[in-house]
Amino acid sequence: MKGPRTAVIAHKRPDAEKLKARKAEIKTTKEKGSKKNSAPKDPDAPKRPPSAFFVFMEEFRKSFKENFPENKSVSAVGKAGGAKWKSMSDSDKAPYAEKASNKKTEYEKAVEAYQKQKLNNNGDNEESEKSTSEIHDDAEHEASS
């Protein structure tokens with residue numbers, strides 16, 4: 001059995017300046033991490049297509065609810081779907097992968113159409129470069145002459 005410690009441990013207090021520097025450094029790293037995707041998302045942009053797993057889960061949820069109507073847990077459905085997906089062979093997953101690739105091609109077409117529409121809308125706004133007061137001033141000038 002060990003005896004009591006006889007040596008006194010001296011507690012050092014860190015300098016206040018060092019503490020402030022550490023806190024400032026932590027805050028800046030948090031801010032940098034939160035600005036990872038700082039570009040605002042356009043609500044009119046087409047949504048990304050689901051992967052093969054999510055296409056599978058759409059069907060699986062329906063069958064799971066039919067087989068287990070008393071089970072209301074979302075996590076149970078997700079766990080059961082994930083376990084079944086892992087146990088499936090590649091040939092079983094093929095129809096879902098094909099559906100997902102079809103949805104991806106549709107998405108790519110929609111993105112192209114959206115980009116063209118966005119470019120057209122930006123090109124048509126040449127009149128908007130003038131402020132409304134300048135437009136009214138031009139109209140008043142023409143009317144007075």
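Lys93 sits in helix α4, which spans residues 90-123. The model is predicted. Lys93 is buried, yet has no salt bridge. Across the whole structure, a search finds 2 salt bridges.

**Lys93 and its surroundings**
- The nearest side chain of opposite charge to Lys93 is Asp90, 4.8 Å away.
- Lys93 has no salt bridge to Asp90 because a salt bridge needs a side-chain nitrogen of Lys or Arg within 4 Å of a carboxyl oxygen of Asp or Glu.
- The Lys93 side chain does reach a backbone oxygen, that of Trp85, at 3.4 Å.
- Leaving aside residues up to four places away in sequence, Lys93 touches Trp85 and Met88.

**Salt bridge Lys103–Glu58**
- Lys103 and Glu58 meet through their side chains in a salt bridge, at 4.0 Å from N to O.
- This pair links distant parts of the chain, 45 residues apart: Lys103 belongs to helix α4 and Glu58 to helix α2 (residues 52-67).
- Lys103 is partly exposed, with a relative accessible area of 30%.
- Glu58 is also partly exposed, at 39% relative accessibility.

**Salt bridge Lys99–Glu59**
- Lys99 forms a salt bridge with Glu59, and their closest N and O atoms are 3.0 Å apart.
- Here too the pair links distant parts of the chain, with Lys99 in helix α4 and Glu59 in helix α2, 40 residues apart.
- Lys99 counts as partly exposed, at 37% relative accessibility.
- Glu59 counts as partly exposed, at 37% relative accessibility.

Methods. Residues numbered from 1 in each chain as written. Predicted model: local features only at pLDDT ≥ 70, side-chain atom pairs only at ≥ 80, totals over all residues. Heavy atoms only, no water. Helix = DSSP H or I, 4+ residues; strand = E, 2+ residues; numbered from the N terminus. Buried < 20%, exposed > 50% of the residue type's maximum accessible area, 1.4 Å probe, protein only. Lys, Arg positive; Asp, Glu negative; His and termini not counted. Polar contact = N/O pair within 3.5 Å; in protein donor to acceptor, adjacent residues only side chain to side chain. Contact = heavy atoms within 4.5 Å.
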